[in-house]
Amino acid sequence: MTLLRAPAPARRLLLPIILSGTFVQLFSVTVMQVAVVDVQRDLGAGEGESQLVLTGYTLTYACSLIISARLGDRYGYRRMFVAGMALFTVASVGSAAAPEAWLLVAGRLVQGVGSGLVAPQILSIIQSALPASHRPAALSAYGATMAAASLAGPVLGGVLIQLNPLGLGWRAAMLVAVPVGVAALLLSPSLPTSRKGPGAKRIDPVGAVLSLLGLGLLVLPLSVGRDAGWPMWTWVSLASALVLMTAFVFSQRRVADPLVHPSTLAEPATRWGLGIVFVFNAGVPSFTLLLSMHLQGAQGWSALGTGLTITPYAIGALVGSGIANVLGRRFGPGILSASAVTMALVSLVVAAITGEDSLLWVLWLALFLGGTGFGVFTASAFTHVIARVRAEAATSVSGLLPTAQQLGGTLGVTLAGIAYSVPATSTDDALWHAMTYEAATFALAAVFTVGLTGGMAGRATRAAPARPCPKTC
């Protein structure tokens, strides 16, 4: 794919436009965490429908990312960005206006498809439209936006639900993304256009079907299985997903135009990087979701009180994102390990002091430190991985990174929920179970950074030019 450069004034709008897409994607993942109780009350949603309101978005989002990356490569990053953002914005309006729970679920599924179309184009535009010297700062801004959006959902959602503007309640929280999407669409002509190069390839239909079905059959039971009591169909679905994803891997080795470029996983740093993103995100969404649900359910807090309590986490995420680029240059991938360890320790502290009114300030401090670790990690991880990707594999990695992020988050919510629901003598013990899972997950992510560091060192060694032989050799 060849990008046609936009005029300099238009290029200054590039990051604000594409990062608005990142914001609304992740904001929509978390905003329903504090709104689902009001949705149940307003629409009479049952447990299954309420779960799909939370997870339906992630289901279609995660399933479409790999194919969307190749669609952008073939038909143009800007074109697919606009198509995805338009679909997402329309679905957001429809979701906010839904008179029944099943219509809200349908709207969330369409929202996820729109986000899935947008996400890979953002990374592809950063890699192809910006010079190499500008990419670290752009990727740091990308990570900062992810951190801010992931936490703006529960905080802003809680405020809007409590204030209830115009009597809209949770619907007002759903509508927050609409003006952002409209602004991005109006400014999208400023994005650089692209045209197919001589090597542009078709979409592999077999790989597309296998990846869609495989990911769908994997994410669906992980999303609703625990609340449904793990009926037989969930296990059949998981087994079928394993078969289909195995078939997908083998099919990619045998087709002329694979969805995932053969060299994508050739670099150890890329393999370890994808693993780190997956493992770390198996802890992040579930951490804020479980804390929010615990405070509202077991502690009886309001949506506003819950959102304000999590605010120090959001502030810390912004601080961490702001210093991530500097720390990354100074300490390299080691900063990822330090951030993950910080999150592990914070998880244990949160379990120990949540519910102790006299220690509320300690909870706020711990959440601020945890948010800082989250912001540093999120703003740095993609930078360290993408900066070392081969040019021919850039499109594939643009789809695989957010896929790993979403799959990790979905699995993490399931596992943390299982840990929370293990028989306990009190809700405080239940929180301990869940936060112990969180701490173990973040500790595992810290261990994975050792592999990333080794992979990067190995590539640096291979890439180093041979030293000239002295005359005495």
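This is a predicted model: local features need pLDDT of at least 70, side-chain atom pairs count only at pLDDT 80 or more; totals for chains, interfaces and linings use all residues.
**Notebook: a chain of helices**

I started with the secondary structure: the protein chain has 18 helices and two strands (DSSP runs numbered from the N terminus, helices being H or I with at least four residues and strands E with at least two). Residues are numbered from 1 along each chain as its sequence is written, and side-chain values use heavy atoms, leaving out hydrogens and water.

**Overall shape**

I looked up the span of the C-alpha trace along its principal axes, and it is about 75 × 50 × 50 Å. Buried residues come to 55% of the 473 (buried means under 20% relative accessible area, with a 1.4 Å probe and protein chains only).

**Helices H2 and H6**

I then picked H2 (residues 14–30) and H6 (residues 101–129), whose axes come within 9 Å and cross at roughly 145° (axes are lines fitted to C-alpha atoms over the stretch in contact; angles run from 0 to 180 degrees between N-to-C directions). Who touches whom? In H2, Leu14, Ile18 and Gly21 are among the residues that meet H6 residues including Arg108, Ser115 and Ile122 (contact means heavy atoms within 4.5 Å).

Terms used: Buried means under 20% relative accessible area, exposed over 50%, partly exposed in between (1.4 Å probe, protein chains only).
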